[in-house]
Amino acid sequence: MLEPDPKVVRELLTRYASLRIAQAERERPEAARELADVSYTLCVMMATTAVHDAVAKADALLLAKGCAQEVRSLDADGDSGLSLAV
């Protein structure tokens, strides 16, 4: 299965959140249409039928990618900059 580009997913999540806020503050037909389009795109991209599931999967994808990047940077320089004292 193909995995969506994290940058595109992040942009869609940001747009989705912005449109939800805008609609909550003041409903506008054009914003509602754009919100529906972004919601549909998120669902297709994340292979879900419900936008809440798509948002959850998108968040999980970004979290996993963020963790993977941290591990790669740790492997590259061998130092996380974190204290070992816990």
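Trainee: Which residues touch the most other members of the largest nonpolar core?

Mentor: V9, L13, Y16, L42, M46, V55 and A58 do. That core has 17 residues. Keep in mind that this is a predicted model.

Trainee: How do you know that the pattern is α-α-α?

Mentor: Count the elements. The protein has three helices and zero strands. Read along the sequence, that gives α-α-α.

Trainee: What does V9 touch, leaving out residues up to four places away in sequence?

Mentor: V9 touches P4, M45, M46, A58, L61 and L62. A contact needs heavy atoms within 4.5 Å, so each of these pairs meets that cut-off.

Trainee: How much of the contact total with a separation of 6 or more comes from residues 24 or more positions apart?

Mentor: They account for 49% of those contacts.

Trainee: What share of the protein is buried?

Mentor: Of the 86 residues, 24% are buried. The accessible surface is about 6,500 Å². Carbon and sulfur atoms hold 57% of that surface.

Trainee: What makes A47 worth a look?

Mentor: Its phi is positive, about 60°, although A47 is not a glycine. A47 sits in the loop between helix 2 and helix 3.

Terms used
Residues are numbered from 1 along each chain as its sequence is written. This is a predicted model: local features need pLDDT of at least 70, side-chain atom pairs count only at pLDDT 80 or more; totals for chains, interfaces and linings use all residues. Side-chain values use heavy atoms; hydrogens and water are left out. Helices (H or I, at least four residues) and strands (E, at least two) are DSSP runs, numbered from the N terminus. Buried means under 20% relative accessible area, exposed over 50%, partly exposed in between (1.4 Å probe, protein chains only). Accessible areas come from the Shrake-Rupley method with a 1.4 Å probe; for residues, only the protein chains shown count as cover. A nonpolar core is a set of buried Ala, Val, Leu, Ile, Met, Phe, Trp, Tyr and Cys residues joined through side-chain atoms within 4.5 Å.
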